[in-house]
Amino acid sequence: RRRVLEASQQLTEIINSDTSTESPELTGETEPADEDESALHCLWVDKFTPRRYMELLSDDYTNRCLLKWLKLWDTVVFGKEKAVKKAKPSTEAHPPFNQPKEQQNKWKTKVQLTEEILEAELDQHKRPKYKVALLCGPPGLGKTTLAHVIAKHAGYNAVEMNASDDRSPEVFKTRIEAATQMKSVLGANEKPNCLIIDEIDGAPTASINVLLNIIHRKDGEGEAAAGMGRRRRREGGLLLRPIICICNDQ
């Protein structure tokens, strides 16, 4: 036993002396190997996750609808005016037949109808009619990945929170307001936040009511008198950032 211990100790000393006498060039070459080793231990889900919009494998119609809805916030968030679509000259030269509205809608594609619904109304603050998007589907479908990629593609900083973790309505409200009202102070080119609430179906009823109150706060806010300003400011301002909710069970 003593001989084995002595032999192992000698071997350890030899190995240590070899590594210490290595040239800096050799040590520099071993750094990429460490990165490759960490990549080998990375989960395939993380290793091959989509980084850009074109890499998404989820339903193209859903991807386009979510991106379209997120771009409707550009006027409020980025100060960009919405581009007005020019009518095609062919439609002006040949007006449609005198048909009832229901029959005209019958021949429109699903994408056209969805675009009309999304762009139907903007409120007085130039925000879209629907303040929250809800992504539903079984686990592993790519809902969270879609939300993160779309938010990054539209120029936002994705802030994710789990509704089932924050069971207290007070904590839930604080986290939502922090993500939607406060700006990042790190870096000169900070991006506006896009809040992603995962597992919204696991949140208690009180937390859902908190979220609804934040969304519907707009109605009284715009019509508030000057004397009510301070109290309104304490309660919280308008919702000026998009929120994407994710659930398994609609």
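Which residues in α5 meet which residues in α10? The views below start there, and they come from a predicted model.

**View 1. Helices α5 and α10 meet through side-by-side sets of named residues****.** From α5 come Thr 62, Asn 63, Leu 66, Leu 67 and Leu 70. Their partners in α10 are Leu 146, Ile 150, Ala 151 and His 153.

**View 2. Helix α5 passes α10 in a right-handed crossing****.** Two packed helices are described by the angle between their axes and the distance between the axes. Here, α5 (residues 60-71) and α10 pack at about 45 degrees, and their axes lie 10 Å apart. With that angle, α5 counts as oblique to α10.

**View 3. Helix α10 has buried residues, covered by several elements****.** The buried residues of α10 are Lys 143, Leu 146, Ala 147, Val 149, Ile 150 and Ala 151. Look again at Leu 146, Ile 150 and Ala 151: these buried residues also meet α5. The cover over the buried residues of α10 includes α5 along with the strands β1 (132-136), β2, β3 (193-198) and β4 (243-247). Just after the helix, Gly 155 takes a positive phi of about 95 degrees.

**View 4. Phe 78 and Tyr 156 form an edge-to-face aromatic pair****.** This is one of 3 aromatic pairs in the structure. The two ring centres are 5.4 Å apart, with 65 degrees between the planes; planes over 60 degrees apart count as edge-to-face. The pair links distant parts of the chain, as its members are 78 residues apart. Phe 78 sits in the loop between α6 (74-77) and α7 (89-93), while Tyr 156 sits in the loop between α10 (143-153) and β2 (157-162). Tyr 156 counts as buried because its relative accessibility is 2%.

**View 5. Trp 44 and Phe 48 also form an aromatic pair****.** Their rings are arranged edge-to-face, 5.8 Å centre to centre, with 80 degrees between the planes. Both Trp 44 and Phe 48 are exposed.

**View 6. The whole chain has 14 helices and 4 strands****.** Let's step back from the close-ups. Of the 250 residues in the chain, 26% are buried. Among contacts between residues at least 6 apart in sequence, 78% join residues at least 24 apart. The chain exposes about 17,900 Å², and carbon and sulfur atoms supply 55% of that area.

Conventions
Residues numbered from 1 in each chain as written. Predicted model: local features only at pLDDT ≥ 70, side-chain atom pairs only at ≥ 80, totals over all residues. Heavy atoms only, no water. Phe/Tyr/Trp six-rings, centres within 6.5 Å; stacked < 30°, edge-to-face > 60°. Buried < 20%, exposed > 50% of the residue type's maximum accessible area, 1.4 Å probe, protein only. Helix = DSSP H or I, 4+ residues; strand = E, 2+ residues; numbered from the N terminus. Contact = heavy atoms within 4.5 Å. Areas by Shrake-Rupley, 256 points an atom, 1.4 Å probe, with all protein chains shown as cover. Axes fitted to C-alpha atoms, helices over the stretch in contact; angles between N-to-C directions. Parallel < 35°, antiparallel > 145°, perpendicular 65-115°, else oblique. Left-handed = near helix turned anticlockwise from the far one by under 90°.
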